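Here is a short briefing on one protein chain. Have a look at the sequence and the model first, then read on.

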Amino acid sequence: MPRGGRRKGAGRPKGTGKFGVPTKAIRVPEAMVDQIINFIHRKGDIYPLYGNMVPAGFPAVTEGAPAEMLDLNAWLIQNPASTFFVRATGDSMIGAGIFADDVLVVDKSVEPQNGDIVIAVLNNEFTVKRLEKTDTHVELKSENPDYPSIIIPEDTELQIWGVVKHSLRTM
């Protein structure tokens with residue numbers, strides 16, 4: 001009688017365990033076990049997204065079941081290796097919906113285009129502004145009439161650290 005190894009009909013059929021899908025044993029750092037278990041029980045960072053829109057005016061009837069599940073990582077972060085977060089200060093970008101203490105999701109891999117909101121370094125100082133390019137100059141525009149735009153002189157080094165993709169705010 002053979003011993004060990006795979007035997008026909010032995011073990012639990014694939015996909016019938018606790019998770020309902022095939023599983024795989026992996027090695028993880030012990031310090032991360034609780035974090036990984038919590039992630040699995042939350043079903044990742046996926047949350048219900050209801051199909052009905054919520055009016056900001058008069059109340060409306062909504063459905064009780066979510067239309068789909070929303071993966072926040074996939075929705076907020078297209079390029080994980082080149083994405084970083086930074087907190088905004090000041091009120092020069094309120095017209096663009098960026099307020100003090102908002103967390104900005106910034107992608108370094110996106111090529112900045114005319115009209116993008118960018119994180120820029122000008123004279124060794126960081127700023128968040130709208131990038132405007134013309135035939136004659138480059139401009140960093142504020143989205144608040146109380147703040148002037150910054151026209152970049154030709155001899156000034158301007159670095160763009162990334163394009164702002166989202167602004168997150170606590171209500």
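The points below cover the nonpolar cores, one threonine, the salt bridges and an aromatic pair.

This is a predicted model. Its largest nonpolar core has 9 residues. The chain also has 2 salt bridges and 1 aromatic pair.

**Nonpolar cores**
- In soluble globular proteins, nonpolar side chains tend to be buried together.
- The largest core here is built from Ala88, Met93, Ile98, Leu104, Val106, Ile117, Ile119, Val128 and Val164.
- Two strands, β4 (103–107) and β5 (117–122), each give at least two residues to this core.
- A separate core has 7 residues, including Val118, Leu122, Leu140 and Val163.
- Met93 belongs to the largest core. Beyond its neighbours within four places in sequence, Met93 contacts Ile98, Ile117 and Val128, among others.
- Met93 also contacts Lys129, Arg130, Lys141, Ser142 and Glu143.

**Thr83**
- Thr83 sits in strand β3, which covers residues 83–87.
- Its relative accessible area is 16%, so Thr83 counts as buried; the cut-off is under 20%.
- The Thr83 side chain comes within reach of the backbone oxygen of Asn79, at 2.7 Å.
- Leaving out residues up to four places away in sequence, Thr83 touches Ile77, Val105, Val106 and Asp107.
- Val106 is also a member of the largest nonpolar core.

**Salt bridges**
- Asp102 is buried, at 1% relative accessibility. Arg169 is partly exposed, at 40%.
- The other salt bridge pairs Arg130 with Glu143, and their closest N and O atoms are 2.5 Å apart.
- Arg130 lies in strand β6, while Glu143 lies in the loop between β7 (138–141) and β8 (150–152), 13 residues apart.
- Glu143 is partly exposed, with 23% relative accessibility.
- Both Arg130 and Glu143 are among the contacts of Met93.

**Aromatic pair**
- Phe126 and Trp161 pair with their ring centres 4.8 Å apart.
- Phe126 is exposed, at 52% relative accessibility. Trp161 is partly exposed, at 40%.

Conventions:
Residues are numbered from 1 along each chain as its sequence is written. This is a predicted model: local features need pLDDT of at least 70, side-chain atom pairs count only at pLDDT 80 or more; totals for chains, interfaces and linings use all residues. Side-chain values use heavy atoms; hydrogens and water are left out. Rings of Phe, Tyr and Trp (its six-membered ring) pair if their centres lie within 6.5 Å; planes under 30 degrees apart count as stacked, over 60 as edge-to-face and the rest as tilted. Buried means under 20% relative accessible area, exposed over 50%, partly exposed in between (1.4 Å probe, protein chains only). A nonpolar core is a set of buried Ala, Val, Leu, Ile, Met, Phe, Trp, Tyr and Cys residues joined through side-chain atoms within 4.5 Å. Helices (H or I, at least four residues) and strands (E, at least two) are DSSP runs, numbered from the N terminus. Contact means heavy atoms within 4.5 Å. A polar contact is a pair of N or O atoms within 3.5 Å; within protein, one must be able to donate a hydrogen and the other to accept it, and residues adjacent in sequence count only if both atoms are side-chain atoms. A salt bridge is a side-chain nitrogen of Lys or Arg within 4 Å of a carboxyl oxygen of Asp or Glu.
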